[in-house]
Amino acid sequence: KRPIVSSVHCSTAPLQQDGGSMEGALEFAKAGVPVAFYSMPQAGATGPVTLAGSLTVGNAEVLGGLVLAQLASPGAPVIYGTGGAAFDMKFCCRTGGSPEQGLFSAAVGELARYYGLPSVVGGFVSTAKEPGGQACYEKMISGVPQVLSGCSIIVGIGLIEDCNTLPFEELVIDDEIVKMVFRLAQGVRVDDAALALDLIHKVGPGGNYLAERHTLEHLREEQFIPELTDRRSYEAWLRNGAKDIVKRAREKVKAILGEHKPEPLEKDVQREIQSIMKRASKDLANR
């Protein structure tokens, strides 16, 4: 139910499967590794300009891969995937980070649910060439719909330049954006504890809730608490160097790279991995 590895195979729009990739997909399917068939039609270029038309093309490609996988290995785990977006007629490029990508991927979440499959979609991406304002607003518009649609897996965190560049600064900015979006998706909880009627009566008119235990108990589940976003006054921001989001992100990146100590794998696990790699290298050399 929670595999540690899966395999993604892109079809070639419109309505084609890549031979080598499909051969790999069938081998993974036989081994029980979840296989994601990932269509990427560009509305107006490799798919109809209408989103519904390009969704139809992408749907056919994914179902084609699914059928082949099931014929080769009945019951093989398959993930419904897409990275579809519009084609920009002005600059002749794919529009990763556009509203259309958000809508396209959200619709794919619905299609996958209709077929009873988990989904993997593109999102939180941008055509910006560097971290900053454009990256942030494109990340939001191309990520919120997928979350609200309930897509299983959303890929694209940290990527800019339409998935060609991954700056470390953007990774930590996107971490903040994603947490905000997931707080949005949680909505407003309504139950006796959240309504807090007894507390409202206790504090009464003109009081405040800062020192109440209820505030401490529910703060972190009710409020998004930023690590990177600067909410201080303008004067406090100036005193702290007037740093924009990219500068703050760069400082956090340097701190992580300098201070984080990853937990090493256990010795027996390391030995087993080395053994697997040696056997694989030997097999490849003998082919």
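This is a predicted model: local features need pLDDT of at least 70, side-chain atom pairs count only at pLDDT 80 or more; totals for chains, interfaces and linings use all residues.
Biologist: In what order do the five strands of the open sheet stand?
Modeller: The pairing in this sheet is parallel. Strand 1 (7-10) and strand 8 (153-155) each have a single partner strand, so they stand at the edges. Neighbouring strands are turned by 25 degrees against each other on average, direction ignored. The order is 1-2-4-7-8.

Biologist: At what angle to strand 2 does helix 2 run?
Modeller: Helix 1 (residues 19-30) packs on this sheet and touches strand 1 and strand 2, its direction making about 150 degrees with that of strand 1. Helix 2 (residues 51-72) lies across strand 2 and strand 4. Its angle to strand 2 is about 155 degrees.

Biologist: Which residue in strand 5 is the bridge partner of Ala43?
Modeller: Three strands form an open sheet with mixed pairing, in the order 3-5-6. Strand 3 (42-43) and strand 6 (93-94) are its edge strands. Strand 3 pairs with strand 5 (residues 85-88) in the parallel sense over two bridges. The partner of Ala43 is Ala86.

Biologist: Is Ser149 buried or exposed?
Modeller: Ser149 is found in helix 5 (residues 144-149). Beyond its neighbours within four places in sequence, Ser149 is in contact with Ala106, Gly109, Glu110 and Arg113. Its relative accessible area is 9%, and the cut-off is under 20%, so Ser149 counts as buried.

Biologist: How far apart are the closest N and O atoms of Arg94 and Asp162?
Modeller: The two residues form a salt bridge, one of 14 in the whole structure. Arg94 is in strand 6 and Asp162 in the loop between strand 8 and helix 6 (168-186), 68 residues apart. Arg94 is buried at 13% relative accessible area, and Asp162 is buried at 17%. The closest N and O atoms are 2.5 Å apart.

Biologist: Which residue forms a salt bridge with Glu169?
Modeller: Glu169 lies in helix 6 and its partner in helix 11 (residues 245-259), so the pair ties together parts that are 81 residues apart in sequence. The closest N and O atoms are 2.9 Å apart, and the partner is Arg250.

Methods. Residues are numbered from 1 along each chain as its sequence is written. Side-chain values use heavy atoms; hydrogens and water are left out. Two strands pair if DSSP finds at least two bridges between them. Helices (H or I, at least four residues) and strands (E, at least two) are DSSP runs, numbered from the N terminus. Buried means under 20% relative accessible area, exposed over 50%, partly exposed in between (1.4 Å probe, protein chains only). Contact means heavy atoms within 4.5 Å. Axes are lines fitted to C-alpha atoms, for helices over the stretch in contact, and angles run from 0 to 180 degrees between N-to-C directions. A salt bridge is a side-chain nitrogen of Lys or Arg within 4 Å of a carboxyl oxygen of Asp or Glu.
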